[in-house]
Amino acid sequence: MKKKRNKRRNYYRLTLQWIIVALLGYMVVRLFVDATYKPDFEAYCPFGGMQALGSYLNANSLACTMSTTQIIMGILLAVGVLLVSKLFCSYICPIGTFTEWLGRIADKFKLRFTITGIADKLLRVLKYGLLFITFYFSVTSSELFCKQFDPYYAAFSGFGDDVTVLYAVIAIGVTVLGSFFIRQFWCKYLCPLGAATNIFAFAPVFVAITLIYWIAVSLIGWQIHWAWYLGAVCLAGLLIEVSRRQGLYFPFMKITRNSDICTNCKICDKACPHGIKISTEDTVKHIDCHLCVDCIVKCPEEGALTINRKPWRWLPAASVIALVAVGLLISAYWELPTIDIRWGSEEQYENAKEYQQAGLKNVKCFGSSKAFATQMQKVEGVLGVQTFVKEHRVKVFYNPEIIDEAGIREGIFNPVNWILSEPPDGLEELSIVEIGIDRFFDTKDAFLLSELLTQNPGVFGMETSFGEPVEAKIIYDPELADPDKLKTLIEQKSITYTSGDQTVKEKTSYQVAYINPEIDKIATHEYLQKAFNPYNRAFNDYDSYNEEQLRIYTLPFAEAMRQDKQRWFAFLMSHLSDNKNIVRMTVQWQDTAPVLQIYYVSEMVSPEEIHSMLVKPNLTVHYADGSSRDIANPYSFKAFDEYQEDKFWQESLNN
Ligand code: SF4
Ligand code: SF4
């Protein structure tokens, strides 16, 4: 009988771990079979939620991918640590599960060892250092910094856009190898969430530091940057962990041993994933204990190991289920905005009204939320905005004496006038039809509509203007397209398009409300010239040069006619700005077609050198936060010599 108990498995824990593994497996498999599916592998991440809460308290903004759900999960994780134990680590964390299972394999070959003594203490510094760094950079940037190297996110997102491949590869390599050879290497030494949960277990010190900081800043008025508070919390956590290895009163629930029943067989010591010496303790207070209850399950003596001297080994798993359920319930009824920006005065808010609109696909991150706020700030009568990027939803606060809801909708709307493809030579005249479209709100809808329309090679342009429904003028070749064909395209239920090197499939739900029976005609060259959007950016201290010092390198740029190529102008400009002697880029209509003009310091750089940047397979793009990234060059410039034959450049600005 005792032998059987020894072989017993911890089904409470295993079931929850396998549910998480199955959910992740489902997301990965669906990702491959459903192109419209966009999995959010961090949808319930409590650590992301903690960072998002920090960023919200600091800057009144949420990281783009974060929602109230993660914040609630972060808060409930802390509640769980205080009341029960480090339940997320034990029952949910996919990295914890993976590294523990990996370690068990190593145990079979007797390859895993436990680090003890001073080395153990020193290595514990790492996770507090990572906690400080990830929190600091996430809060200051309103982006989840840990995504750059998080092994879990890198692996499941397929090294997605936010991942810095080098950091992530190093993190995955260190985690896999470390966890194979060293007991609980990730949890004990690297996991920043592990550090955060331990700090919650040191709650009295954590609360004391928080109170001191609050009194100093809010009551006394000292200017102390929050990074000092974060540093103090991390340092205190580290010092307590390496000196005591025990929580301070918390968690409330602990493994207890009845020495009258215990036979000192030490099976529990071997069963403990953290290698805690349970057989020598009456109460397990070790900070690494996450109440997995493996020790209770494996103990051959009924009643020798309990939780708080009660036979509650089901309690941790039940608490996990209860906390997750509570978290989902709360987050269903309560949501924090991604940004909350108000520019109206308090008196103005007293009589303000609120307008809500969902379906603004363009509002999808912190940056686009800020752009939305900037746009609405220009609308008279609007007093402030909140955005909720997960649902592409906004709230607009307005003065009803100045503007009404229709006016706000008009303020939200961004009209476009896009050339979608270049009409073939010899096509002298184009047709224009006006179509009213419902369920169309913002620029992203304009983009999706353009993708729907360009499935027909006879569609060359579109122009939208505000209306309810939105008025779209579509420019087409009547030989290849007609209003009925356009209606069929517009009302398609999904569209697949390429973005960079990715294929994207999105659901669409536009409805044609009317088709104006009057079809206009326009000469092709007249339409192209009218619809072309010029581009002009100066950089690298352009104003510090005089006309004598500068030359213009001019190239024919037919691709620039198309809206899908115009999207990349800023990226091309950023790429060119790498050379400090290139100081301006314009794209203009010249005679019958667009040209690219690059202004450069003639004595410092040659047209050949500039051209070599244009034909590179990748463009190097620089971002406001100082980072840079290579993207595939979307343009197909010909070799330098081919343009040289055209003699298509200008020697000086005065020529
Ligand atoms: S508590 Fe005692 S009897 Fe139970 S496994 Fe540990 S050492 Fe053996
Ligand atoms: S002491 Fe028991 S409950 Fe705590 S981690 Fe070890 S096996 Fe799990």
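1. In this predicted model, one aromatic cluster is made up of Tyr535, Phe557, Phe569, Tyr635 and Phe637. The structure as a whole holds 24 aromatic pairs.

2. Phe447 and Tyr497 make one of these pairs, with an edge-to-face arrangement: the centres are 4.9 Å apart and the planes stand at 85°. Phe447 belongs to helix H20 (residues 443-453) and Tyr497 to strand S12 (residues 494-499), so the contact ties together parts that are 50 residues apart in sequence. Phe447 is buried, at 9% relative accessibility, and Tyr497 is buried as well, with a relative accessible area of 8%. Both values count as buried because the cut-off is under 20%.

3. Phe557 and Tyr635, which also form an edge-to-face pair, have 5.2 Å between centres and 65° between planes. Phe557 sits in the loop between strand S17 (550-556) and helix H23 (563-566), while Tyr635 sits in the loop between strand S21 (628-632) and helix H26 (640-646); the pair therefore ties together parts that are 78 residues apart in sequence. Phe557 and Tyr635 are both buried, and both belong to the aromatic cluster of point 1.

4. Two arginines lie over aromatic faces. Arg393 is placed over the face of Phe388, 4.3 Å from the ring centre. Arg584 is placed over the face of Tyr599, 4.5 Å from the ring centre.

Note on methods. Residues numbered from 1 in each chain as written. Chains lettered and ligands numbered in written order. Predicted model: local features only at pLDDT ≥ 70, side-chain atom pairs only at ≥ 80, totals over all residues. Heavy atoms only, no water. Phe/Tyr/Trp six-rings, centres within 6.5 Å; stacked < 30°, edge-to-face > 60°. Helix = DSSP H or I, 4+ residues; strand = E, 2+ residues; numbered from the N terminus. Buried < 20%, exposed > 50% of the residue type's maximum accessible area, 1.4 Å probe, protein only. Lys NZ or Arg CZ within 6 Å of the ring centre and 35° of its normal.
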